[in-house]
Amino acid sequence: MTGEFVGRAREAELLAARFDEARSGRGQLVLITGEPGIGKTRLAQETAARAAALGVPVGWGRASDDEGSPPYWIFRQLVRELGGTLPAALAEGDPSADSATARFEAFEAVACQLRDAAEPDGLLLVLDDLQWADAASLALLVHAARGMSRSRLLLVATYRDTETGGREALVSALAALAHEAGQSRVRLVGLPPSDVQRQLELATGEEVSPDVAAVVSRRTGGNPFFVNELAPLLESDTLPDGVLDTVRARLARLTGCCRELIAIAAALGSEPAAPELAAVTDHPVEAVLGALDEAGAAGLLVRGDGWRFRHDLIREAARADLPTATSAGAHARMAAWLAARSDAAERAAEIAHHWLASLPVGEPGEAVAWAERAGDLALDRLAWEQAADLYQQALDAGAPLSPGDRGRLLLRQATALTRNGDIQPAGAILARAADAAREASDPYALGSVSLAMEGLSDPWGGFRGDRLAAEALAQLPDEDSPMRARLLALLAGEAGFVGGVDPERVSGEALAMAERLGDTQVLRSALRSRQMARSGPDGVHERLELAERMHALGQSEQDDETTLWGWLWRFDGYMMLGRVDDAEAALGPMRLLTDRLRRPLAQWQYLRAVAAVEVARGRFDDAVATVRKCVRLIEGRTHDSVRGVSLFVLLMIDGLVGRGDLLTAEEFELFDRYTPAFASPVYALYLAQRGDFERARRIVRRSAGPDAFPQPALLPSLATRAELAAMFGEPEVAADLAARLRPAADLFVTGGAGTVTNVGSVRTYLGIAEATCGRLDEAVREIRLGITANDTAGIAPHAAHARFELAQVLARRRRPGDVEEAAALCATATSSAARLGMAPLRRRADELAATLRGDAPAGLTPREAEVAAQVAQGLTNKQIAALMHISERTAESHVQHILGKLGLANRTQIAAWSAQRS
């Protein structure tokens with residue numbers, strides 16, 4: 001950096017202020033953006049000069065648009081300048097370190113190294129041309145930025161904001177950085193005419209008139225690089241139309257040999273080296289050195305540790321006119337030259353880049369081989385994003401691939417995507433990998449495909465790991481092996497949702513085999529399978545034991561993901577037992593683990609638990625915000641059922657608060673089209689609560705019966721169906737539901753694997769079912785116990801709901817004191833509902849209270865009054881139809897009219913109203 005720094009006074013002052021803040025112990029991140037040539041790097045250099053003058057160390061890392069740069073390239077340069085090295089897991093790779101924990105620990109080691117280097121006087125780090133940084137470097141940058149607020153570190157990053165399109169990793173990183181404390185953005189625009197005039201005078205050494213400066217300002221937009229390029233041409237009769245034309249003109253003045261070498265050098269990379277160019281072009285090294293000197297004298301190259309192009313725009317202009325065939329041939333020769341070197345294995349990404357860039361002139365087989373090697377290296381170094389891209393390039397190289405080779409590449413690509421949390425695209429790729437394994441008649445490959453998304457697959461989606469597992473098991477030897485044990489575990493785990501094998505028997509077989517094998521990875525799979533197999537209400541205590549085993553395994557293996565599953569299983573068990581305080585206390589350790597993992601699906605698991613507690617406590621606004629964060633987190637990255645779970649939670653919250661705006665029309669359409677049969681009652685209940693009884697009835701008719709309810713969702717499905725049976729007057733259904741709920745009476749209504757809500761004590765819903773059957777005394781007893789359980793657990797919304805349900809039963813039973821108690825319960829329910837924002841419950845409680853007082857609106861026709869009296873006697877629609885000689889459909893229509901006219905929600909309220917009127 002030489003010469004006077006023109007303009008940018010305000011921006012320089014901001015950077016100086018951020019530098020001072022960082023040195024005082026409040027770490028800062030400054031993002032400098034703008035178009036190419038606008039002066040981003042120069043502004044960073046001025047800041048670096050100020051730091052150096054104060055004795056503060058400075059580190060630089062420059063990203064390259066050469067796709068062959070290794071993972072973490074920008075940080076490799078940084079730590080090298082600071083006299084350190086990257087952790088071995090990132091620099092050398094470790095095939096066994098495939099977990100998010102390993103990546104977190106390696107990232108944290110780098111962040112600690114940088115923070116420590118900033119003590120005691122501060123440290124300035126510059127990351128230049130971030131738009132070209134590899135995805136792994138960007139992930140590491142986000143991690144480092146999150147821990148720098150209490151350091152003495154100033155991190156300055158530059159990037160072209162005109163080149164963010166199609167760079168998803170960059171866009172995601174910038175979005176993440178935007179939320180960090182101490183973050184500032186500086187967007188550079190063109191210099192004003194007065195600064196253009198000063199820059200021209202410095203470049204020419206002569207005075208420049210304001211009129212000439214104004215012309216140059218208009219031509220260049222005040223871009224400093226363009227201004228400098230036009231400065232030598234001010235004495236010409238005309239100025240070029242385009243600034244790049246000036247660069248081409250400078251190139252045209254070079255000798256033919258130099259021009260050829262510089263064009264090839266520009267195609268191959270940003271830092272031309274004489275030995276490489278000599279090997280690629282067959283020119284003597286002396287001739288190449290002379291050409292580099294000539295280009296340097298022309299201002300096209302600058303010398304540092306070696307030659308490099310003075311600006312990326314010069315390189316772009318130099319390679320623009322190079323024929324495609326010439327460029328491809330140069331890449332092929334460069335790849336072959338690098339592959340023959342002793343350090344070829346370490347430079348696999350660079351060699352792969354050149355082979356791929358050489359196509360179709362080069363050898364596609366070499367391109368595939370080196371892209372796969374580079375992908376494997378990136379996978380070992382925890383650079384999952386780069387690995388997935390390299391495997392895709394290998395598949396697209398055009399070489400003939402055997403089914404085995406194709407399947408292997410697809411499986412590795414899907415593995416990289418899965419580790420990065422990109423579940424949805426990974427599933428589509430695994431389906432292709434399975435086809436390749438079948439074509440190769442390789443059951444071990446097919447088994448590996450089925451296990452690639454273990455614990456993450458979608459039992460209702462396009463990729464069904466359980467089906468592939470069954471297919472592979474049928475072809476494997478019937479003997480103990482890690483593959484067989486894991487496939488049995490997968491098969492049993494999925495069976496809890498989709499049926500098939502006996503999950504308890506097969507999961508037990510898998511767990512016993514895992515224990516015989518003594519393999520921790522197999523044991524992890526078997527524990528997960530057993531947890532799913534025992535996800536019904538009768539397995540809650542065993543699941544807590546499994547949670548302890550999973551947690552201990554994660555601790556011993558230092559595996560955060562396994563440890564997190566232990567906590568998640570604890571959370572699910574606590575919620576089903578009504579230990580909501582313990583469940584809420586588990587959120588803290590889960591938060592620490594998910595922060596370290598940085599995986600979208602792990603964060604989703606944590607947030608769904610947070611939302612479950614928020615709903616249970618009645619913090620509905622907080623829950624809505626959390627669930628929406630869940631949806632954004634996994635949008636487009638995982639299978640639809642995960643998103644569907646979050647949308648179902650919003651649906652249930654909407655049913656409680658009655659806002660009506662928590663879901664879009666498109667999302668309601670998804671419920672209509674894709675809701676699994678066992679989950680349909682939840683949607684039907686929501687519709688019935690909003691008065692759409694006809695649609696609710698249709699959905700219930702086509703929904704799964706209780707025998708088909710999967711074990712993980714058994715209690716929520718039974719409880720919801722009990723409420724619907726009360727609404728629709730189905731005593732036979734209610735009797736069956738009561739029998740199924742009774743053994744779990746002391747539990748709470750939650751899922752057994754992946755709790756998203758807790759809607760209170762099972763006893764409340766058992767009482768609702770008993771009341772529907774006409775067993776009012778039993779109903780009163782159960783709901784009273786439910787209220788006590790809900791109060792003890794601190795589940796205020798469903799304690800209020802249970803009080804209202806008890807009021808309805810008491811109003812119907814009408815023993816001495818029942819009406820008075822029902823009125824008091826309505827008042828309490830109304831007060832709680834008002835405090836919590838549960839508008840539907842408040843309205844229903846007010847209506848029942850009015851009915852008890854005898855001042856509810858009437859207006860029924862004689863026929864409707866007769867039907868209401870029959871409903872009060874506990875008759876079903878079918879019985880009413882037979883007694884009154886009308887169709888069952890007509891009886892149902894009368895009931896719906898009565899509900900609408902009286903503003904009531906179900907048949908129990910009709911009975912209470914009728915009893916009061918009589």
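Which residue of strand 4 stands opposite threonine 33? In the predicted model, the position across from threonine 33 is taken by tyrosine 159 of strand 4. The two strands concerned, strand 1 and strand 4 (residues 153–160), run parallel and are joined by 7 bridges. Strand 1 also pairs with strand 5 (residues 183–187), again in the parallel sense, over 5 bridges. Within that pairing, leucine 31 has arginine 185 of strand 5 as its bridge partner.

The protein as a whole contains 47 helices and 7 strands. Its C-alpha trace spans about 110 × 70 × 55 Å along the principal axes. Of the 918 residues, 57% are buried. Among contacts with a separation of 6 or more, 66% are made by residues 24 or more positions apart.

The accessible surface of the protein amounts to about 36,400 Å², and carbon and sulfur atoms contribute 50% of this area. Charged side chains number 100 positive and 124 negative, with the centres of the two sets 6 Å apart.

Notes
Residues are numbered from 1 along each chain as its sequence is written. This is a predicted model: local features need pLDDT of at least 70, side-chain atom pairs count only at pLDDT 80 or more; totals for chains, interfaces and linings use all residues. Side-chain values use heavy atoms; hydrogens and water are left out. Helices (H or I, at least four residues) and strands (E, at least two) are DSSP runs, numbered from the N terminus. Buried means under 20% relative accessible area, exposed over 50%, partly exposed in between (1.4 Å probe, protein chains only). Contact means heavy atoms within 4.5 Å. Accessible areas come from the Shrake-Rupley method with a 1.4 Å probe; for residues, only the protein chains shown count as cover. Lys and Arg count as positive and Asp and Glu as negative; His and the chain ends are not counted. The place of a charge is taken as NZ of Lys, CZ of Arg, CG of Asp or CD of Glu. Two strands pair if DSSP finds at least two bridges between them.
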